[in-house]
Structure formats: structure tokens, C-alpha cells
Amino acid sequence: MKKLIILLAFLVLALALYAQQTVRIIAAARPIPAGAVIGKTHLIVKEMPKNSIPAGAVIYENEISFKTLEGLVPVKEINRGSVILPSDLRPANIAERTPAQWRAYIFETDAVTASSVKAGDVADVLFSFEALLKEKNAKEQVVATILQRIKVLDVINPKEGGHALVLTLDPRDAQYLFLAEKEGKIKLIFRNASDSALNAMPVASYSALFQGAQ
């Protein structure tokens, strides 16, 4: 009997010590409405007793832990301080991830481009078309840079066909890009994301190319 009492005492002590242990988990820094895309500013680290952590809670280990939840959308409002559970979230759709006052433009592309590009990449847009040159009174193929520093919001890269890039454009630039696609050929060229220069690029033509070679 005495051994049993000692064993029970150790068990009670172990349970008490377990209850006192705390774990850092990720919670809501402020109310997050349903449909809002979660960003880092929505998240805080909260300490909770180990035995009261809800199943599925995201344990905070380092800054990378936030990435588990960033970009997802609550299916219902999450109160300030509440533990954020992945089961209460869903992936954000394209419209939800598009910044206010901007537009998501789906630009069809080839498999090589789609497999080489990732969200966050930055591109300039080249437009190739036939232009009427007044001095020659003839048409000539020219290339113009019509848009610069266009951000890739997402990449649509299915296993079979339908490859596309989702570009973030202001409404006016979206109109120009659509017009250019209808009137000529479009080529995206990519730059370092840290390169913020906006260059006034002259229109390229065969005439200008050969004049420069002389």
C-alpha cells in the first residue's frame, strides 16, 4: 500500500509539472475577418500551458513558423488572441491576393516560362508590332518596352497545358497589355526584384539596329 501511495504521489507531481509547462504557439494579434488574407502583422506569439493547447495549433519555433499561416484566409472571423488553427483556414484565391486598386491579369505563356518563374518575380513587357514609318512611308517591325516592373502574383503551371502567369497591374496598364496582346506579340523579360529603375527605352527597329552598326 505504501508503495502505491508513493507511486500515486509521483504521478500527481508529474501531472502538475506537465500542467505548468508552457509552449509558444501562434495566435491572432488582432481580429481577423473572414476572407482577409493573413499577413505577418496579423500574428503574434503566445505562451499557453502545454495541456490546454488546441489540437492542430501551430507551434512557434522561429520566424519561419509564421509562413505556415501567411497567405491563408479564415473561413470565419478569428478573435484577437485566439489560437489560429489551420483547419479554420483556406488558401486565398487570386482576387483576394490582389492588392486594392490593382488588377490580376492572367497572361498565357509557355511551359518553360511557367516552370522558370515564381511568385514575386518582376518583369518588363516588350511589345513587337508593325509600325508605319513616316519617313519611309512603309511598315517595319519594331519592339517597344511598354510596361516596367510588373510583379508576378502567381504562376499557373498545371501538369497538362494551360500555363499562365498572374500579373499585378493597375487598371490602365491592364488595358494597354490587353490591347498589345491583340495587336502584336508580347514578351516578358525578368529583372532582379531589387532593381527599381524605370528606364525610358527607345523603340527598337531593324533600321535603328543597322544604323548603330555603321
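Before anything else, one cut-off: a residue is called buried when its relative accessible area is under 20%, and exposed when that area is over 50%, with partly exposed in between. What I am showing is a predicted model.

I will take the aromatic rings to begin with. A pair of aromatic rings is described by the distance of the centres and the angle of the planes. Two aromatic pairs are counted here. One of them joins Y60 and F66, with 5.4 Å from centre to centre and 50 degrees between the planes, and that pair is tilted. Are these two residues buried or exposed? Y60 has 14% relative accessibility, so Y60 counts as buried. F66 is at 5%, and so F66 is buried as well.

Then there are F127 and F129. Their ring centres lie 4.6 Å apart and the planes meet at 20 degrees; planes under 30 degrees apart count as stacked, so this pair is stacked. F127 has a relative accessible area of 11% and is therefore buried.

Now the strands. How many of the seven residues of strand β1 are buried? Strand β1 covers residues 22-28, and five of its seven residues are buried, so the strand is largely enclosed by the rest of the structure. Its partner is strand β2, residues 43-49: the two run antiparallel and are joined by seven bridges.

Methods. Residues numbered from 1 in each chain as written. Predicted model: local features only at pLDDT ≥ 70, side-chain atom pairs only at ≥ 80, totals over all residues. Heavy atoms only, no water. Phe/Tyr/Trp six-rings, centres within 6.5 Å; stacked < 30°, edge-to-face > 60°. Buried < 20%, exposed > 50% of the residue type's maximum accessible area, 1.4 Å probe, protein only. Helix = DSSP H or I, 4+ residues; strand = E, 2+ residues; numbered from the N terminus. Pairing = 2+ DSSP bridges.
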